Amino acid sequence: MPKSQFINPKELLKPSKIKFKDIDVNIYQKSIIDEKSSYSKADFLRMFHDMATLREFENMLYSIKVKGEYEGFKFTYPGPAHLSMGQEAASVGQAYLLEESDLTFGSHRSHSEVLARGLTSIFKLDETKLYHIMENYEDGETYRVVKSENPNASAKNLAIDFLLYGTLAEIFAKRTGFHKGMGGSMHVFFQPFGIYPNNAIVGGSAPIATGAALFKKVNNKDGVVIANVGDGSLGCGVVYESLNFAAMDQFTKLWDKKGGLPIIFNVFNNGYGMGGQTRGETMANDFVARLGAGISPTQLHTERIDGFNILAVIDAYRRKLEIIKEGKGPVLLDVVTYRFGGHSPSDAMSYREKEEIEAWEAIDPLITFRKALVDAKLVEDSLFEDILKNVKDRMYRLFLVAADFEKSPYLNLEKNPYYVESLMFSNQAIESFDTSRKPEVLLPYEENPRVKLLKSRMRYAFDEHGKPIPKIKQYNLRDGLFEAIIDRFYKDPTLISYGEDVRDWGGAFAVYRGLTEALPFHRLFNSPISEAIIVSSAVGYALSGGRVIVELMYADFMGRAGDEIFNQLAKWQAMSSGVLKMPVILRVSIGSKYGAQHSQDWVALPAHVPGLKVVFPVTPYDAKGMMNAALNGTDPVVFFESQRIYDKGEEFVKSGVPEDYYEIELGEPDIKRVGSDITILSIGSTLYQVVEAAKILEEKYSLFAEIIDARSIVPFNYEKIIESVKKTGRILLTSDACARGSILNDFARNISEMAFDYLDGPAVVVGAQNWITPPYEFDADFFPQANWIIDAIHDKILPLKGHISKTNNSITEQFRKAKKGV
C-alpha cells in the first residue's frame, strides 16, 4: 500500500486493449551439423553418457519393482518409484549449463533431475573440491563405501560412483544414503552438487524454490534457481501462487534491489498428471506456455521447447539464463517430453494406447541423438556401445553394493532408538546466519520512533498502589513482540519478514508498527493474499541459509497453507537427516469478534504434526522472551498470538518487562499464581478467565488455586505440573479451543498417567463449545468463562459449599453431546 503509487481512475477507466506477444513454440531447428562448431566430440559423448546413465538407473529400479531382481540378482524394494524413462534429454539438457552457484529443486519424479545435475557438477568441479566434498560429507560414510569398492578410480569416476551409490542407497533407505535413508526416493538431494530438495507433493518444489530465489535476491547471492514441476502440477493453487509471487511488481517498482527473482520454472510436460491427460482432459490451458501470458506483462519470457532434443533444451537454457542474469526473471519453460512408463511401476497404463507409446519410443532421444551423431560422421557408433556397456557395468556394480546389507546397512533403531527422534529439532542457538556483514537498515536502532516511545511506557500494569496504569501508558503484548523482532533485525542481516499488510499498515494488529521506518523493502514487504506461498517460500528461504518471520493474519487461514505447514515446514529437518535447518517463525493470530471463519483456536493442528514447535505466550514478558528464544533458534516455530490481548499490560512480573535482551526457554510452563488446593493449567488468553475464577474461588470458597500458564505446547515440560498436582491433588485444564480434539485432552491424559497416585479426582478439561464460533455477542456462551471453570470444579472435582452450577456438566449431558456430534 505504498502512497507513492497513485491509483488513477482516469487511467484505469479509459478504453484500451491488453496486448499479448506471440509465444515461441519449438523454434530451435538446428541440426547436429549446424551445431558441430558449438560442441566438441567429447561434449556430445558426455551428453549421451549422462542420458544413458539416467536411463539405466531408472531401468534398474523398474526391474527391481516389477521383477524383484536386476540382472539376475534378487532384491526387494518396497518403497515408491516414480520413474522417468524418456525424459532424460530434458533433464540433461537443463543441467548442462548450470554452475556451482545454481540450485535445482526437483519434482516427485526426480531421479533423472538429481543425477543429471550431479553429473554436470562432477564434470565442472575440480578434483580437489570433489575429494573435499566426498570425504567430508556426513563424516565420509558414503565415500568410504565407494572408495573401498573402486580404490583405483580417478576423482571424477569416483565422484560418479559416489553420486549414483549415494542416491541409490538413499532410495533403498540405507544408512549410507545421502540422508541416511530418511528422505528416500522422492526427497533425495545433495546440496554440494547444487541438488536441492525434491518433493513428494505435486508442485511442492515451486514455492520452496521461489523462496530460495528470494534468498538469493535479498542476500545478493549469485546464481539461478530451477524449479522443476510436472504439467499436472499446474492444477495446484500453490504453483500459480509461486508464479505470481516470483513476478510481483514490487521487485521492479518498489525495491531498492531492482530486478525480478532469479528463477526458472521448468515444467516437464509429459502429457499426464498420473493417469489424467493434461491437454484435452484435466487442464484448460491447451499449452502450458499459455500461462505465462496470464501472470505478467513479460509473459514470464515463456517458451515451449522440444524436450526430446537435448540441444534444443540447452539452447533454450542458454538464452533464458541470460535473461535471469539481466535481472529480468522469472522465466517459465514448457518442456515437452514423455514418460514411456506409467506413473509408477504398478500403473497398468490403461488410459493410453500402445500406438501412442510406440510413436514416442520411435523418437527416443537415446536412439535419435546417437543416430544423428553417427550420420553426421561426428562419432563412431562403436563408442556408444562402449558407453552403454560401461554404464550398465557401473550400475550393476553399485547396485550390488547398495543391496548388500553389510556394506550398506539400514539404520539400527534397536541400537540407537533415539536417532529419528533426535532429528525432529536441531535445537541450536544462532544469533546471526551471516556474520560477515551488517544488517541493512534505514536508521539507527535508537532513533526508531517506536523504540523511543517504548522507553516512556510503563512495563508493569499497576502502579505502586496496585491501581491499573492507563492503557495508553502501558507497555503491552504487541510491544513485547515488536521489541524482540526489531532487535533481531539489527543482529541478523538475513532476517526478513513478509505476509499480508505487514508494511506501511504495520501489520493487521500493529505489531510491526515502527518497522517500516527502519527496514528497506527487501527486508519487510507485503505479500499477495496467498497463504500457501507465504509459508512455503519461507521454507525455501530458510533451507537456503536465511532466517524469516512470516505471518498468517488469522489462525483460520492455516487451512489455506495446510500442506506447506504440515508437510514442508515440519518435515525437512528430519527428512534431510539433520542437514537442513529451518529457522522460520510462523506468526499466527487467533481472532476475536469475527465469527466462525476468523475466530478459531487451532493450536491442536500444528501440535499434532511432529517437527513443529508450537508456543502461545499471553503476557508481554513471555511474548518478548519467547520471541527472542524463537528468533535465536534454528527450528520452525508456530507462534500463536491472541487478538483479545494485544493491548494487555504485564500483570504478573512485578519488576516489569526488561528493556534488555532475555530469553524464555521454549517448553517451560510458568506458575502465575501459587496455590495449594487445585491446579489450573491454561493455554492462551483463557489465562485471564482463570485469574478471575481463582479470585472467586478464594473469596467465596476459601479455595486457593495454583495457576500455571502453559506458554508452550510443543515442547512441554510436565515437571512443574506434576509437582503442583502432588501438592494440590487436583487439576483442571482450559483453553479457548473447542473441547473435542483439543490438545488439552493430550495434556490431561499424560497428567493422569504421570500423577495418577497423587490425583484425588479426574483431570478435567474445560474448552469451548463444539460449535462454529458464533458472533462476538455470544462469546460468553461459546468460550470458557470464569463461572464455567468454577462449575466444572464443583461438578467433577470438588463440591463447593453452597455453589449452584449454571452449566450442565453431567455424564448424561456428555453422552447427549457426543451422540449428536457437538
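Is Tyr718 buried or exposed, and at what relative accessibility? In this predicted model, where local features need pLDDT of at least 70, side-chain atom pairs count only at pLDDT 80 or more and totals for chains, interfaces and linings use all residues, Tyr718 counts as buried because its relative accessibility is 13%. Residues are numbered from 1 along each chain as its sequence is written, and side-chain values use heavy atoms, with hydrogens and water left out. Buried denotes under 20% relative accessible area, exposed over 50% and partly exposed the range in between (1.4 Å probe, protein chains only).

The structure holds 47 aromatic pairs, a pair being rings of Phe, Tyr and Trp (its six-membered ring) with centres within 6.5 Å; planes under 30 degrees apart count as stacked, over 60 as edge-to-face and the rest as tilted. Tyr718 and Phe747 form an edge-to-face pair, with 5.7 Å from centre to centre and 65 degrees between the planes. This pair links distant parts of the chain, 29 residues apart: Tyr718 is in the loop between β21 (712-714) and α26 (719-728), and Phe747 is in helix α27 (residues 743-754). Helices (H or I, at least four residues) and strands (E, at least two) are DSSP runs, numbered from the N terminus. Phe747 counts as buried, at 3% relative accessibility.

Trp771 and Phe782 form a tilted pair, at 6.0 Å centre to centre and 45 degrees between the planes. Trp771 lies in the loop between β23 (764-768) and α28 (779-782) and Phe782 in helix α28, so the pair ties together parts 11 residues apart in sequence. Trp771 counts as partly exposed at 41% relative accessibility, whereas Phe782 is buried, with a relative accessible area of 1%. One aromatic cluster is formed by Tyr70, Phe73, Phe75, Tyr77, Phe172, Tyr396, Phe399, Phe405 and Tyr410.

Charged groups also sit over rings (NZ of Lys or CZ of Arg within 6 Å of the ring centre and within 35 degrees of the ring normal). The charged end of Arg450 is placed over the ring of Phe482, 4.3 Å from its centre. Lys648 lies over the face of Tyr688, at 4.3 Å from the ring centre.

Helix α4 (residues 88-95) and helix α5 (residues 111-124) have axes that come within 8 Å and cross at roughly 35 degrees; axes are lines fitted to C-alpha atoms, for helices over the stretch in contact, and angles run from 0 to 180 degrees between N-to-C directions. In contact (heavy atoms within 4.5 Å), Ser91, Val92 and Ala95 of α4 meet Ser112, Glu113, Ala116, Arg117 and Thr120 of α5.
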